[in-house]
Amino acid sequence: MTQKFLFYFFAVLCVTSALGVILHPKPTRALLLLIVTMAGLSGLFTLLGAYFVAMAQLVVYAGAVLVIFLFVIMLQGIAAVEAPLHQRFRGIYLLPAGALSLGLAAFFVLMLHKMPLPALQMPLGTVENIGKTLFRDYLLPFEWASLLILLGVFAAVSLAKKDDAA
Amino acid sequence: MIPASHYLILSALLFCIGLLGILIRRNILSLLLSIELMLNAANLNLVAGAAMHGQLDGQLMAFFVMVIAAAEVTIGLAIAVLLFRRGGSLDTHDIQQLKG
Amino acid sequence: MNLLLLTPEWVVLGVLALLTFFELFQFKDEAFYKKVRNLLQLGGLLAAFAALLCIEPKAGTAFGGTYISDPFAAFFKFIFLLAAGAVIQMSREFFDQRLERSHEFFLVLWVVLAGFFLLVSANDFLVLFLALETVTLGFYILNAYLKNDPVVIEAGMKYFILGSLASAVLIFGISLIYAAAGSTLFPDVRASFVNDPQNPLLVTGALMVLAGLFFKAGVFPFQLWIPDVYEGAPTPAAAFLSVASKAAGFAAILRVLYTVFLPLEDKRALLFGTLALLTLLYGALGALRQTQIKRLFGYSSISHAGYLLIGVAAGREVGVAAILFYLSAYALTTLTIFLVIAIAGRELGSDRIDAYRGLGRRSPFLAGIFFLALLSSAGVPPLAGFTGKFLVLLAAVRQGLTPLALVGSLAVAISLYYYLAIVRVMYFAPPSREEPITLCPASKGMLLALAAALVAAGFFQGPLLGAAEHAAQYLF
């Protein structure tokens, strides 16, 4: 019963804040709403037994990545309010855009709600279990991920840095 | 117990909200946020999949998606800062020199 | 675990590490720095080539089956290595008289090359996704590299938004597949898919994965970014994108189609035939009224993707071998074209087609090579491009897709029209300036080698076709 309540609580929280993310005209507010979505997702991860992922979602994703995002927006002063939705595009464009997303959502709901799926078990995603699997079965992706971080560094150095020469 | 399909439906909804965000937003920062939503939807699927099959693999994949999202945010922000320094506008409709 | 199978990747990563380490010294003497960098890169390319030659005949897996090394992957790695070599030379030409720092451009090139290597060897959806992201993130940087040029930044922004959208769709598809199959290893997913071919989760996941890959390969309706990005991006980045990214996209499509998504087999001809038709026509018709040369080749690359899709629609060993041959010929042709564009763009100061007026008189060598490459791109016998097109259309006819082959031949005629328009400007329009263009020996040598390869692969198809057929077998 508690589980059911928690699931629906987090689910509603995620969906409403996600709608806020895409509808709020101010990027900074939208970003804060995305952090709420992340918190809701982290609650769902806990319900699914993924404790470590839930923590990482809060600490690394919401806490570090998105806060840095906010920092850059505020420090650079690049947050501009978007025009209200009805002025942003011609109505003729909004119609198919909405129809596409709604249609896809309807397709997924119809496909999934009657599907026979295995019952949920709770694999214990503790630090120990995660660490063992990570360094045994996921060594190649783990090492390769460092290249992606390296690319982030290159981007910061080559793109965002101001030219001293020019 | 919550059925697995509920989790998958929730994740599909988040994905579609993100997709709608891409279609109706014009500010590059908001577009970046919508992409984050879609990546998180995939994460929820992966973790729910791990629970459906009683393994840890899906949870680990969720980490890698987080790493990629972080790297993508870095590069996206770098490009946004560049755009801002150039013209001051981050609106994709104001940036339309390439056409034809 | 057989770590030696990854030797080509280790070599590329080693060169990257050395180049990055070398940056630490911050040499004041730019000429010395460039000399060391060139030597290092040349050595790295040769070492990777040698490693590939040793690895090529062996087939095996590593890292718990997530990495696969076979002649199919090796065939593509040779293409990537060729592309990397030409693109490095192109970047030297491109940055020659520019004020921008080129240091990080080369570093990112090597990261992207490593990503391509892993991409064609991926035997697991997570590894495939990571490799694809390495490549995509690298290209975000390369495409936006000239940060003082608003057009370049615009191209970078467009590629970034659409590229990350494609990645999001791809990973969502992978997550659906994982939820249904409980594994991301290609053989495991194939087993689940064959057991339950109607499983809607798997079918939807497969289609979303294919959509993400279509973006990389530039297939209709995911081709919209190509003309803008090719026009705006730095020429070497556009060349790498057009050759290596397309090859990698098709390698991944073929790999997942034949080793994982087997139940899609009976719908393959219909799906890919339709896409081929639309892609081909979009590219051929769009190219007709272009005035900017890089944009023109953006459209031309879309129409090349159309021919490759005809090969996918034809399928089986014949179709795959034709695709491999086509991609090698396309790589040779396109690299020649973009090397000429990089040099001409610097000397003429513009990428407009008008600026090529009288190139034939200012530099007969450059114009001659360009003419040859254009003919090959259009598919005029006896050049390599012709053989590639011929093989693909022949495979289509053999599989009963004659209407598709007819449209393909029609598109050759259209492409001949817009290519010859460039030739007319080069040879028959009076030049705006008279002084001749001089070429550096390295570029001259590379152009000669590429042109010789174009002619040789056209006249003696045997060795290349044999290699393509050999590599294609390993997919089945």
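## Chain C against chain B

Between chain C and chain B the count of salt bridges is zero (a side-chain nitrogen of Lys or Arg within 4 Å of a carboxyl oxygen of Asp or Glu). Six residue pairs are in polar contact across this interface, both at pLDDT 80 or more. A polar contact is a pair of N or O atoms within 3.5 Å; within protein, one must be able to donate a hydrogen and the other to accept it, and residues adjacent in sequence count only if both atoms are side-chain atoms.

On the chain C side, α6(C) gives the largest share, 23 residues. By class, that side has 27 nonpolar, nine polar and eight charged residues (Ala, Val, Leu, Ile, Met, Phe, Trp, Tyr, Cys and Pro are nonpolar; Asp, Glu, Lys and Arg are charged; the others, Gly among them, are polar).

## Basis of the model

The model is predicted: local features need pLDDT of at least 70, side-chain atom pairs count only at pLDDT 80 or more, and totals for chains, interfaces and linings use all residues. Residues are numbered from 1 along each chain as its sequence is written, chains are lettered from A and ligands numbered from 1 in the order in which they are written, and side-chain values use heavy atoms, leaving out hydrogens and water.

## Chain A against chain B

Contact (heavy atoms within 4.5 Å) involves 83 residues of chain A and 68 residues of chain B. The two chains bury about 6800 Å², with 78% on carbon and sulfur atoms. Buried area is the accessible area (1.4 Å probe) lost by two parts on being put together, summed over both.

Zero salt bridges are found here. Eight residue pairs are in polar contact, both at pLDDT 80 or more.

Definitions and conventions
Helices (H or I, at least four residues) and strands (E, at least two) are DSSP runs, numbered from the N terminus.
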